[in-house]
Amino acid sequence: MTYNGNVSVGGPAQTRELPGLTITKVAVGPMNNNAYLLRCTNTGDLLLIDAANEPETLLGLLDGQPLSTIVTTHRHGDHTAALEAVAHATRAETVAHVEDAPALPLAPSMLVSHHDTIDVGDCTLKVIHLRGHTPGSIALVYDAGGELADQPHLFTGDSLFPGGPGNTQQDADRFNSLMTDLTERVFAELPDGTWVYPGHGGDTTLGTERPHLGEWRARGW
């Protein structure tokens with residue numbers, strides 16, 4: 001199957017190969033959450049982004065291989081419903097931003113902040129703190145040590161979707177915070193070729209979304 005990022009609950013996962021890293025995307029749970037399993041090509045180490053729901057589905061992706069790390073993009077329950085079950089089954093290290101950690105069902109074994117890095121085998125993910133959807137929402141960017149500098153891969157949780165920023169519950173301060181972080185920490189730092197993997201639904205690119213930043217600001221959501 002050619003990867004296009006369109007997955008559905010109960011349907012097959014989709015996988016794509018990058019330099020140094022394999023990404024498998026699956027949709028789980030009643031809110032159609034995306035979970036992403038990353039595999040280091042060189043070492044076979046596995047990292048899961050968001051143990052959102054359906055632990056049996058997520059564990060099935062492992063195909064019996066050990067899971068090293070679970071990263072939680074933010075504290076909302078639809079992104080953490082399977083966290084305890086998957087962590088207990090795999091004994092994986094759990095990672096989250098310091099601001100969201102107290103609200104998680106399982107205390108993280110590793111806390112991260114803006115500009116920190118998380119390794120999966122020989123691959124490195126850079127942490128981008130995006131304040132607004134929740135205080136400790138994070139995105140993760142992979143550029144294969146610069147090899148993908150023009151086309152990096154960005155996992156945004158619920159902070160950025162095709163068509164706009166994540167929900168800030170009509171709170172002007174939270175919306176402005178998220179838009180400022182997206183503008184300064186994502187769109188100003190990463191190129192149009194950046195592939196975006198959101199917490200729900202299909203994928204997009206920064207080049208597709210960039211022309212609409214002013215429109216998003218104006219509409220206020």
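View 1. Lys25 lies in strand E2, where strands (E, at least two residues) and helices (H or I, at least four) are DSSP runs numbered from the N terminus. The model is predicted, so local features need pLDDT of at least 70 and side-chain atom pairs count only at pLDDT 80 or more, while totals for chains, interfaces and linings use all residues. Residues are numbered from 1 along each chain as its sequence is written, and side-chain values use heavy atoms, with hydrogens and water left out. Lys25 is buried, with a relative accessible area of 0%; buried means under 20%, exposed over 50% and partly exposed in between, for a 1.4 Å probe and protein chains only. The side chain of Lys25 reaches the backbone oxygen of Gly201 at 2.9 Å, and a polar contact of 2.6 Å joins the side chains of Lys25 and Asp203. A polar contact is a pair of N or O atoms within 3.5 Å; within protein, one must be able to donate a hydrogen and the other to accept it, and residues adjacent in sequence count only if both atoms are side-chain atoms.

**View 2. The helix pair H1 and H2.** The axes of helix H1 (residues 55-62) and helix H2 (residues 83-90) come within 9 Å and cross at roughly 35°; axes are lines fitted to C-alpha atoms, for helices over the stretch in contact, and angles run from 0 to 180 degrees between N-to-C directions. Pro55, Leu58, Leu59 and Leu62 of H1 make the contact with Ala85, Val86, Ala89 and Thr90 of H2, where contact means heavy atoms within 4.5 Å.

**View 3. Helix H3 and what covers it.** In helix H3 (residues 172-187), the buried residues include Phe175, Leu178, Met179 and Leu182. Among the elements that cover the buried residues of H3 are strand E9 (123-129), strand E11 (153-157) and helix H5 (213-219). At the start of H3, a side-chain oxygen of Asp171 comes to within 3.0 Å of the backbone nitrogen of Asp173.

**View 4. The open sheet of six strands.** The strand order in this open sheet is E8-E9-E10-E11-E14-E15, with mixed pairing; two strands pair if DSSP finds at least two bridges between them. Strand E8 (117-120) and strand E15 (204-205) stand at the edges with a single partner strand each, so one side of each is left without a neighbour in the sheet. Strand E14 (residues 195-198) pairs with E15 in the antiparallel sense over two bridges, and Thr205 in E15 is the bridge partner of Trp195.
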